Every structure is written in structure tokens, then in C-alpha cells.
Amino acid sequence: MNTGVKITVFAAALAATFGTAYGVGAGVGPVGGPAEPAHGAHAARASGGPGGPGGSAGHGGHDAAPGAAAQGPAAGGLQVSEGGYTLSLDTPNIAAGQGELRFSVKDAQGRKVTGYKTEHGKELHFIVASRDLTVYRHLHPVRAQDGTWSTPVDLPAAGAYKAFADFAPDVPGAKNVTLGADLSVPGAYAPAPMSPALNTAEVDGYQVALGGTLDPGKAGELKLTVSKAGKPVTDLEPYLGAYGHLVALRDGDLAYLHVHPNEGGPGPDVSFTATAPSAGTYRLFLDFQHEGKVRTAAFTVNAGGAAAGPAAAPAAPEEPGAHSH
């Protein structure tokens, strides 16, 4: 790795696990409220979460749900409040297209937090994903002096979304916290089916190959190889202090895992170590930067299921403006 590029892991260990079940409902219809459930085909996937109820994990430090088969700390993003902090959306409903999200993180006394530790060049990392996992936005909001955050966002269509705030408060002994809150774009919503599990993806003329497996209960390496026009890309650029960022969201409950690469150089390979808490379907989003632009490659992975096929996946659900700074 180039000198000065600091690779770290948000989780306490390289093997990060994630997930407790988060139920969502069924039926196709309009979306209008901040807690709008998922519908239709997506709801069928979501019933009980992958592998049934339970599953636990590691990035966010949440307690496992009662009766869950605990395998360590639970994943981040499954709760709006955790460890004395609450994610408060000022804009829980937003129109489709270009808009602005505003939010704050409040402490146990209801005060807006204004002190954060800087991690990977930012005080707070903010992710928005649709419940059917076809839309993914890694945003970089700006904080006002009073603790209110704001960021432009482009959400293409009506539907149920979830926002994740990943941060560490600047107080002694504070650990990283990931909070999740429901977000909706009002209008008629028909969720898309999950993309097939394939081991290659294409985005903006780049090909990204996924190697390795995501195994339930066992740490394993995921290696992503970036190429363009059939040639390996060996000059990936640091993006927020790393050559690649990986976010994994579990189908159904959107359990959240955010890790950074293992030690390595600027491409073409970027590797991660991760553990799935149970068999199920996961959506992986790899952010990488080359020639001054951040791109996102997306994969569907079946943990403990059938192997990925060889065919190239459709372009990742990344659109212009998906990365806001």
C-alpha cells in the first residue's frame, strides 16, 4: 500500500459479522410514510430475514434480539437509537429526483451532537439504500455548527429506503455507532426482484470480478479485481484513505456491514475479510476511485448457498450524483 494511505476496519476485527432479523410487510401500493414497509417480491424474500429469525453480527455493536442465535455483537443499522444516540431525520419523506436530506444525531438528553471523531477523512459516513437494494448512495453530508447535517441526494423513484449514519462520537471511550432510520419517497412502489448472484459486474466501462465466498459463521476473504478494456487497473486512487470501501446489506432486514481493505497495493485486487452470520442473500457494494471519479460495483452473494455464475451482471445501480461530497 502507498505510504500515507491508512487502511483501517470499522469493526473490531477483520472478521466482521452482521445481521439480526428485521421484519417487513407485503403488498404493492403507495409509499407515504417514513416507516413504509417493503412490498411484493421483496417482502417474500424478507420474511423472517435470511435463514429465518436470528443471526447476529459485529459492526454496530447492537445486542442480539431476544431468542436470536447469538454469534457475537449484532450488526449496525438495525436500530434508530443505540448506545444513547438517536438518528433523527428532519426529512423522512423526500420527493423523487434531486433533493436534500437533513438530519441530526441526538444524545441521550436530546441534544444535537456536534463533536465527532474523524474516521477515513470524514466525521460521519452516510448511506442511503432502497429496501429492494436496487439503489445505493454513499453520501458525504456537511454539518452545520448547530449539529444539523445536510446533503444533496438523487433518489430516482418512489419507494421505501433506509438511511444509515456511521460515526464515532468525540467523547472519551466512545465506540463506533451505526444507526438506521426509515426514509420514503412517496408514490406508487413496485419493488424490483433481486439481481442474480454473478461473480462479475460492469460499471462505466470497468469490469470487477468477485472471488472467494461469504460463508456463514466462518471468516473468509472476498477479493475484488478491477479491470478496464481487458487490462488490470493497477493505479486505483485512495478514496477516503483507502483503495476500496465495501458495504454489505442483507436482503430483508438491511443489516449493515462496512469494512475496509486488507493491506494491499493500488490494484487491481482489493480484498476484505468478512463473516456472514447465517445462510442468506446479501448485496455487496464496492466503491473504488480511478481517474478522479468514484464508481460503485454491486454484487449479489448467496452465503451458504449456490455458487455465483460466470456471466457479467448488469451495470451497478449507481447513477450520476450518487457520491456527494
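## Overall make-up

The protein has one helix and 21 strands, and the coordinates come from a predicted model. Of its 325 residues, 54% count as buried, and the protein exposes about 12300 Å², of which carbon and sulfur atoms supply 54%. Among contacts between residues at least 6 apart in sequence, 67% join residues at least 24 apart.

## Nonpolar cores

The largest nonpolar core has 28 residues, and those with the most contacts inside it are V208, L214, L284, F288 and F299. At least two residues of this core come from each of β12 (198-203), β13 (206-212), β14 (220-228), β16 (245-250), β17 (256-259), β18 (269-274), β19 (280-290) and β20 (293-303). Apart from this core lies another, of 27 residues, among them L87, I94, V105 and V177.

L284 illustrates the packing of the 28-residue core: leaving aside neighbours within four places in sequence, L284 is in contact with L210, L222, L246, V247, A248, A297, A298, F299 and V301.

## Aromatic pairs

The count of aromatic pairs comes to eight. In one of them, the rings of F103 and W149 have their centres 6.2 Å apart and their planes at 10 degrees, so the pair is stacked, planes under 30 degrees apart being counted in that way. The pair links distant parts of the chain, with F103 in strand β4 (residues 97-106) and W149 in strand β8, 46 residues apart. F103 is buried, with a relative accessible area of 0%, and W149 counts as buried at 3% relative accessibility.

Y206 and F288 form an edge-to-face pair, with 5.7 Å from centre to centre and 70 degrees between the planes. This pair too links distant parts of the chain, as Y206 lies in strand β13 and F288 in strand β19, 82 residues apart. Y206 counts as buried at 0% relative accessibility, and F288 counts as buried at 1%.

Ring pairs also link Y85, F103, Y116, F126, W149 and F167 into a cluster.

Key:
Residues are numbered from 1 along each chain as its sequence is written. This is a predicted model: local features need pLDDT of at least 70, side-chain atom pairs count only at pLDDT 80 or more; totals for chains, interfaces and linings use all residues. Side-chain values use heavy atoms; hydrogens and water are left out. Helices (H or I, at least four residues) and strands (E, at least two) are DSSP runs, numbered from the N terminus. Buried means under 20% relative accessible area, exposed over 50%, partly exposed in between (1.4 Å probe, protein chains only). Contact means heavy atoms within 4.5 Å. Accessible areas come from the Shrake-Rupley method with a 1.4 Å probe; for residues, only the protein chains shown count as cover. A nonpolar core is a set of buried Ala, Val, Leu, Ile, Met, Phe, Trp, Tyr and Cys residues joined through side-chain atoms within 4.5 Å. Rings of Phe, Tyr and Trp (its six-membered ring) pair if their centres lie within 6.5 Å; planes under 30 degrees apart count as stacked, over 60 as edge-to-face and the rest as tilted.
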